Amino acid sequence: MPPPRTRGTALRQQLAELRGPDVPAKALDARALAALAANPGCRRRAILDGAGVNKATLASALGSPSAFGQSQFALTRGNAFEAKVKADGGAELLRLVHEKLDRHAEPPVDARVPDLTAIGPEGRTARTALALREATEATGSWTLLDHPMLALDVAGSPAFLEPDAVVVHPDGGWTVVEIKSFPMLDGSADPAKVGAAARQAAVYVLALEEVAARITVPDAPAPEVGHQVLLVCPKDFSNLPTASAVDVRKQRAVTHRQLARLTRIQDIADALPEGICFDPARPAEELTAAVESVPATYAPECLSACELAFHCRDRSRAAGAVTSLGRSVRAELGALTTVPDVLAAARGETGDPADPTVAALRRAAALRAEALGAAACH
């Protein structure tokens with residue numbers, strides 16, 4: 001049993017106690033951040049991600065295992081494809097960047113690939129910032145940063161992010177590179193997968209913009225982070241790389257706005273009851289109570305983005321919440337938040353007839369009854 005939390009404890013210590021005394025933290029990556037930004041009202045996901053809780057393990061302990069995530073086969077294939085793209089000092093990757101994004105620059109020959117190794121995420125973040133500064137000052141040459149480490153403040157807590165690559169152009173501009181294992185068929189890929197990759201890349205762009213704002217190069221403006229990222233995928237059904245430039249300005253703006261709306265993790269942690277802990281080793285009853293002590297905002301979209309979605313869906317359905325029917329339905333129903341409330345309003349048992357939502361429900365109920373009556377007559 002972990003010791004009770006005390007108010008005023010440093011945030012990092014608070015989050016460690018919420019996670020469990022012997023449970024290692026799960027890093028918050030760009031994929032999780034993009035999903036979190038898509039549902040900023042969910043305090044449950046915000047605190048669990050902020051505390052580094054492994055939601056897949058937690059979901060299994062709650063009895064609602066998740067099918068969310070990539071298979072081992074997909075991970076292995078993706079790693080092999082990424083290694084192929086970055087072989088020979090990233091020559092093929094830099095060729096694609098030059099071809100798709102910067103044809104007017106000199107072709108990338110003898111590009112710099114700095115060593116970014118350091119101790120811990122903070123050390124790697126500092127080393128990345130130094131490498132970006134050095135590459136920006138060395139105008140006229142190409143630089144490839146392989147798996148740099150970036151930091152982004154999320155609801156008052158730092159998230160460390162690791163893009164596949166960042167390229168510094170001869171003019172000092174920066175480009176995010178996303179390498180995916182899904183194919184581009186005849187020059188285009190699955191729009192849903194491209195959209196997910198764009199949202200993920202937008203998180204990296206935001207983090208790079210924070211680094212760029214802190215870099216001052218004598219007699220030069222701040223480095224420019226390109227809003228066009230390079231998406232590299234296998235060509236057709238081969239393992240040969242091809243690429244496409246993807247404009248992420250819309251995704252960047254949406255992600256920035258949504259992340260800014262997130263309730264501060266410190267505030268969520270301070271509002272929790274004493275002794276709350278999300279350690280999957282705890283008894284199921286205690287673990288369920290701990291999870292339920294944090295409000296969730298479930299929507300069907302969570303099924304493709306969150307490991308706890310099955311658990312939250314069951315709870316949402318049990319409570320009769322209209323959010324389980326989708327955000328668009330929830331938005332249309334106004335103050336009616338449960339299915340029983342909606343049905344009662346439609347039957348004329350509750351609700352103000354002057355309320356447009358109530359009036360629409362009663363009109364729909366009348367039309368349904370009329371249609372059923374006409375069908376019965378035939």
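A residue is called buried when its relative accessible area is under 20%. By that criterion both faces of strand β4 are covered, since Ala-165 and Val-167 on one side and Val-166 and Val-168 on the other are all buried. The model described here is predicted. Its chain has 15 helices and seven strands, and buried residues make up 44% of its 378 residues.

**Overall dimensions and contacts**

- Taken along the principal axes, the C-alpha atoms of the chain fill a box of roughly 80 × 60 × 45 Å.
- Among contacts between residues at least 6 apart in sequence, 64% join residues at least 24 apart.

**The five-stranded sheet**

- Strands of a sheet pair through backbone hydrogen bonds, either parallel or antiparallel.
- Here five strands form an open sheet with mixed pairing, in the order β1-β4-β5-β6-β7.
- The edges are held by β1 (143-146) and β7 (241-247); each has a single partner strand, so one side of each is left without a neighbour in the sheet.
- On average, neighbouring strands of this sheet are turned by 25° against each other, direction ignored.
- Helix α5 (residues 72-85) packs on the sheet and touches β5, β6 (228-234) and β7. The direction of α5 makes about 115° with that of β6.

**Strand β4 and its two partners**

- In a regular strand the side chains alternate between the two faces of the sheet.
- The buried residues of β4 are arranged in this way, with Ala-165 and Val-167 on one side and Val-166 and Val-168 on the other.
- Strand β4 (residues 165-168) runs antiparallel to β5 (residues 174-179), and four bridges join the two.
- Within this pairing, Val-166 has Val-176 of β5 as its bridge partner, while Val-168 has Trp-174.
- β4 and β5 form a hairpin with five residues between them. In the turn, Gly-172 has a positive phi of about 95°.
- β4 also pairs with β1, in the antiparallel sense and over four bridges; there Thr-143 stands opposite Val-168.

**Nonpolar cores**

- The largest nonpolar core has 73 residues, of which Leu-33, Ile-47, Leu-132, Leu-152, Val-154, Trp-174 and Phe-278 touch the most other members.
- Helix α8 (residues 191-214) supplies the largest share of this core, namely twelve residues.
- Leaving aside residues up to four places away in sequence, Leu-132 touches Leu-145, Val-166, Val-168, Trp-174, Leu-208, Val-211 and Ile-215.
- Another core, of 16 residues, lies apart from the largest one and includes Val-97, Trp-142, Leu-144 and Val-232.

- Helix α3 (residues 43-50) is mostly covered, as seven of its eight residues are buried. These are Arg-44, Arg-45, Ala-46, Ile-47, Leu-48, Asp-49 and Gly-50.
- Gly-52, which follows α3, has a positive phi near 75°.
- In helix α14 (residues 339-346), the residues Val-342, Ala-344, Ala-345 and Ala-346 are buried. Helix α15 (356-377) is included in what covers them.
- Just after α14, Gly-348 takes a positive phi of about 85°.

**The second largest pocket**

- Rolling a probe the size of a water molecule over the atoms shows where empty space is left.
- The second largest pocket holds about 530 Å³ of space.
- This pocket is lined by 26 residues, and the closest to its centre are Ala-25, Gly-50, Ser-157, Pro-158 and Phe-160.
- Two or more lining residues come from each of α1 (11-19), α3, α7 (120-137) and β3 (157-161). Among these elements, α1 gives the most, with five residues.

**Positive phi outside glycine**

- Asp-110 is not a glycine, yet its phi is positive, at about 55°. Asp-110 is placed in the loop between α6 (87-101) and α7, and its relative accessible area of 73% makes it exposed.
- Asp-236, likewise not a glycine, has a positive phi of about 50°. The loop between β6 and β7 contains Asp-236, which counts as partly exposed at 28% relative accessibility.

Terms used: Residues numbered from 1 in each chain as written. Predicted model: local features only at pLDDT ≥ 70, side-chain atom pairs only at ≥ 80, totals over all residues. Heavy atoms only, no water. Pairing = 2+ DSSP bridges. Axes fitted to C-alpha atoms, helices over the stretch in contact; angles between N-to-C directions. Contact = heavy atoms within 4.5 Å. Buried < 20%, exposed > 50% of the residue type's maximum accessible area, 1.4 Å probe, protein only. Core = buried A, V, L, I, M, F, W, Y, C linked by side-chain atoms within 4.5 Å. 1 Å grid on protein atoms, 1.4 Å probe; cavity = no way out; pocket = protein on both sides within 12 Å on 5 of 7 lines; lining within 4 Å. Points joined across faces, edges and corners; volume = space filled by probe spheres on them.
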